[in-house]
Structure formats: C-alpha cells, structure tokens
Amino acid sequence: MADTYDFGLVGLGVMGRNFILNVADNGFTAYGNDLDQEKVNALIEEGGDPSKVNATTEVSDFVNALSTPRKIMLLVPAGKVVDIVIESLLPHLDKGDIIIDGGNSFFTDTDRREGYLQEKGINFFGAGVSGGAKGARKGPSIMPGGSREAYQYVKPIFEAVSAKYKGEPCVAYLGPKSAGNYVKMVHNGIEYGLMQLTSEIYDLLKKAGGLTNEELHQTYAAWNSGRLQSFLVEITSEIFAQKDDLGDGHLVDKILDKAKQKGTGKWTSQNAMDLGIPVPTIDIAVSMREISALKAERIKADELYGRPKPESVVKDTLVSLSEKALYFSFIMTYAQGMHQLADASKEYGYELQLGEIAKIWRAGCIIRAALLADITEAFQADGNLQNLLLSPSFVSKVQETVSAARELVSYGATNGIPLPGLSNALTYFDAYTSGRLPLNLIQAQRDYFGSHTYERLDQEGIFHTEWED
Ligand code: 6PG
C-alpha cells in the first residue's frame, strides 16, 4: 500500500487519534505513526478499515505510505519532542513535502524550525489547533501559518475537518512563518482571561448572592442562551450540575483551588510586554493562577487577616449586574488580545487579517462565543481597526454594561471579594478611554531625578528642566 495515503499524523495520543479519525471521516485516507505499538493497534482497530486508516511504529513505512507532496502533521508535546520527530522524519522525506506542527509550540521555535527546514526544501507549518479532544474529533478551529504556496495542498483537508460556522470552515491561511502559532498563543491568552472572569463571577455569586450550585448551573445556562453564549459559559453551567461520584454533593466543591498552566497564557503576557501592548486582563489571569498555587500561604494569611462579611444583596440584581459585567469584561479581553495581534502582525511581518482570525474563532475553539460574530464584523468593516473599543459598533455594547462592572468592582473591593480580572478590565477601559492621564507627572519625576527629558503639549521639541534650581 505504498504511496497512497492522503495524510500522515505523528503522535497518536488522544488529540492525534481523534484528529486522524476526523480526517478519515471526511473521506481522506490517513496513516498514523507512534512509537507506542498499543496506540498504533488502537487506531487501526478504531479506524475499522486499514485501507482508509492505518498506522505503524516504523517511520520509514509511515513516510513511504504517503502520497506526495507528503502532508505530515505532528501532534506531539511542544518543545524538544517536535525537533526529535522532525529529525527522525527528515532522512525519509523529499523536497516539497510538508510538515505541520499542530501543537502549542512557542512561536520563535516555529520560526527557527521553518528556517531550518526551508534550507532542506521542506515546507513547515505551525498550525494551532483548538477545541480539545472533542474538537479534534468533531471539528476544531485550526490556525495555520507558513508558506502560502504549500497551503494549497493542506487546505482541502483542513477545510473538511475543521469546525463550521454557518457552513464556513473555521480555518484559514493566517500568514507566513509562525503566524499560526502566534495567533494560537494569543487565543490561549484570551482563554485564560475569559476563564478567570467566569470564575470570579462565580465567586461573587456564591459569596455575595449565596447562589447554590443548582442556581449557578441555571444562571450560567440562561446566560448561555443570550449574548454571553460561548463554549466556556456553557461548560461552566454543566460543571455546576456535576455530582461527585466519590462522595456527596457537587464535584466543583471538592476540586483543589490551585490552577495549573502549561505556559501559553504566560507567553502571551510576556510577549505583550515585549511589544509594549497592554493586556492587563490576561496578565492578571496568569498572576491569579500563580497566587492560586500558593495554597498553604493563602491559608495562613487567611487566618491572620479578617475580612468583611459580605453585605447582603438582592440575588436577582446581583445576577443581572453579573451578566452585564461579564459581557463587558469579555469584550475588554477580546479587545486586548486583538490589539496584541494587530501589533505583532506589524512587528513580525505576519500580515494578519484580524477579521479572518475572529471569523475562524466563531466555532470549534475554546474561546468561541456569540460575541465573535460581532468582532468579526467590526474588523471586516475596518481592516485597520487598532482596537475593538474604537469600533462604532461596540460603543453601545460597552456603554450599556460598564456601570454594572463599576458597581461590582466597588462591591468586591468593599466586601473583600477579589475581582482582579473584572477590575483590570474596567481599569483598562477607563485608562484607554482617557484623553488625559496623569503620566505627565511620571515624565516630570523622570526628568527631575534622571534628566530623562519630556515633551510638552503646547510646543514641539524635547525639554529638560533643572528642577532643584
Ligand atoms: C485549546 C486549548 C489547549 C490548551 C489548554 C490547556 O485551544 O484547545 O487552549 O490548547 O492546551 O487549554 O492550557 P493550560 O494548561 O495552559 O491551561
């Protein structure tokens, strides 16, 4: 059966197995490769028909079974493993073959690999894949970056397997080099922000409103039928309904409050700092995972410091304010992520189309949300839109919800309930929409102690003052 399979995939873990079965479901023949014989056997068995889905532990058999130009996707852990797999494939490949890294690789690693493989005549794609195991099986959102010419070979397969939003595939060629990995990294930064926001609103509803898990389930489910409709709000509502099968009560109450992270949110934050683009809601979402990890210290500190007993509130009012504040802060999070993409596009020469990115996030990925249809329209209406907040179509959405954010942030501050994502979203909004900020004073201080100079509002030029005289 040499030379006949349309698509190859290395790494038959849960994501890889699901992705390859999805490829086969869509009429393409697919061949898998993994060092683990059990995973190979499991795929062959699940595939049912080896002429459609087959697999091997042998790299040379795997490569030889693929039609040229070979399209080989890697779904292996990001980092060294990607380089090891590339090296193992290389001796068997021909010029013009295509390797696609579908993991969450750091974008500079993708640039390095692309340059290295280009010298050998091999095309390399960094393609972010979002949607978890279920998405891989039923339709993920795919974010490919690399050679535009080589994309034509990958396009039919990616368009077939991707999620569809009203019939439109949630995949598009995003740009050269590491554009795909970069976009996926920022997707994950936004994911961190949205998750932080949904969790702090849960805290507020529980501590201030006394909502039970059943009420939380109903509240998030109702929100998911409205403008907050999104994958994360939907799964949050389902999480509150989950009973604990190892004991009494609900599972959510038994889960340790220490959130882990694999690094993509932190990379988003770090790179935003390098670019000089503010993404405070994403930054604080990363910091909150770090604070959450300090469980033992938090328990000690909790005993040392008292905290006010939350003032009672009218439940319905709190729920209604929370819906508005969540919507407001979701907008701020997407605005920050899109702003970072716009700037990164210039800095790294990605030529990103932000409307196209929002479009392929409308289904399949973790941050999919009804709001993304509006974001798509805003960026399609103005291809040079610097920030979502400058889109006329978002002004009324923000104006209608910002006061709820103000009320809840002030309630949280008075009553000792941490709402860092929400307050950062609000501060971001207030600062970004301030024509005049007090940073003139910082310039004066810098010039005072370090002769760092300043500019003036009323005259061109660079000025310095001998302040102490
Ligand atoms: C996706 C997700 C996925 C990511 C997890 C875990 O789009 O399907 O972003 O790629 O690996 O969300 O990320 P953390 O472990 O960093 O929370």
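**Figure 1. Cysteine 365 and cysteine 170 in the predicted model.** The sulfur of cysteine 365 has its closest cysteine sulfur in cysteine 170, at 7.3 Å, which is too far for a bond. A disulfide is a covalent bond between the sulfur atoms of two cysteines. The structure, a predicted model, holds 0 disulfides. Cysteine 170 counts as buried because its relative accessibility is 0%. Cysteine 365 also has a relative accessibility of 0%, so cysteine 365 counts as buried.

**Figure 2. The peptide bond between threonine 68 and proline 69.** Threonine 68 and proline 69 are joined by a cis peptide bond, with omega at about -10°. Most peptide bonds are trans. Proline 69 belongs to the loop that runs between helix 3 (59–64) and strand 4 (71–74).

**Figure 3. Serine 451 and threonine 453 after helix 19.** Serine 451 is in the segment that follows helix 19 (439–450), and threonine 453 is in the segment after helix 19 as well. Most residues other than glycine have a negative phi. Serine 451, which is not a glycine, has a positive phi of about 50°. Threonine 453 also has a positive value, with phi near 70°. With a relative accessibility of 44%, serine 451 counts as partly exposed. Threonine 453 counts as partly exposed too, at 27% relative accessibility.

**Figure 4. Glutamine 270 in helix 11.** Helix 11 covers residues 264–275 and includes glutamine 270. The relative accessible area of glutamine 270 is 42%, so this residue is partly exposed. Glutamine 37 is 233 residues from glutamine 270 along the chain, and the C-alpha atoms of the two are separated by 39 Å.

**Figure 5. The whole protein, as context for the close-up views.** The protein contains 19 helices and 9 strands. Its radius of gyration is 25 Å, close to the 23 Å that the globule rule gives for 469 residues, so the protein is as compact as a globular protein of that length. The C-alpha trace spans about 80 × 65 × 45 Å along the principal axes. Of the 469 residues, 51% count as buried. Among contacts with a separation of 6 or more, 68% are between residues 24 or more positions apart. The accessible surface comes to about 22000 Å², and carbon and sulfur atoms account for 52% of this surface. There are 45 positive and 61 negative side chains, and the centres of these two sets lie 3 Å apart.

Technical notes: Residues are numbered from 1 along each chain as its sequence is written. Side-chain values use heavy atoms; hydrogens and water are left out. Helices (H or I, at least four residues) and strands (E, at least two) are DSSP runs, numbered from the N terminus. The radius of gyration is taken over C-alpha atoms; the globule rule is 2.2 Å times the number of residues to the power 0.38. Buried means under 20% relative accessible area, exposed over 50%, partly exposed in between (1.4 Å probe, protein chains only). Contact means heavy atoms within 4.5 Å. Accessible areas come from the Shrake-Rupley method with a 1.4 Å probe; for residues, only the protein chains shown count as cover. Lys and Arg count as positive and Asp and Glu as negative; His and the chain ends are not counted. The place of a charge is taken as NZ of Lys, CZ of Arg, CG of Asp or CD of Glu. A disulfide is a pair of cysteine sulfur atoms within 2.5 Å.
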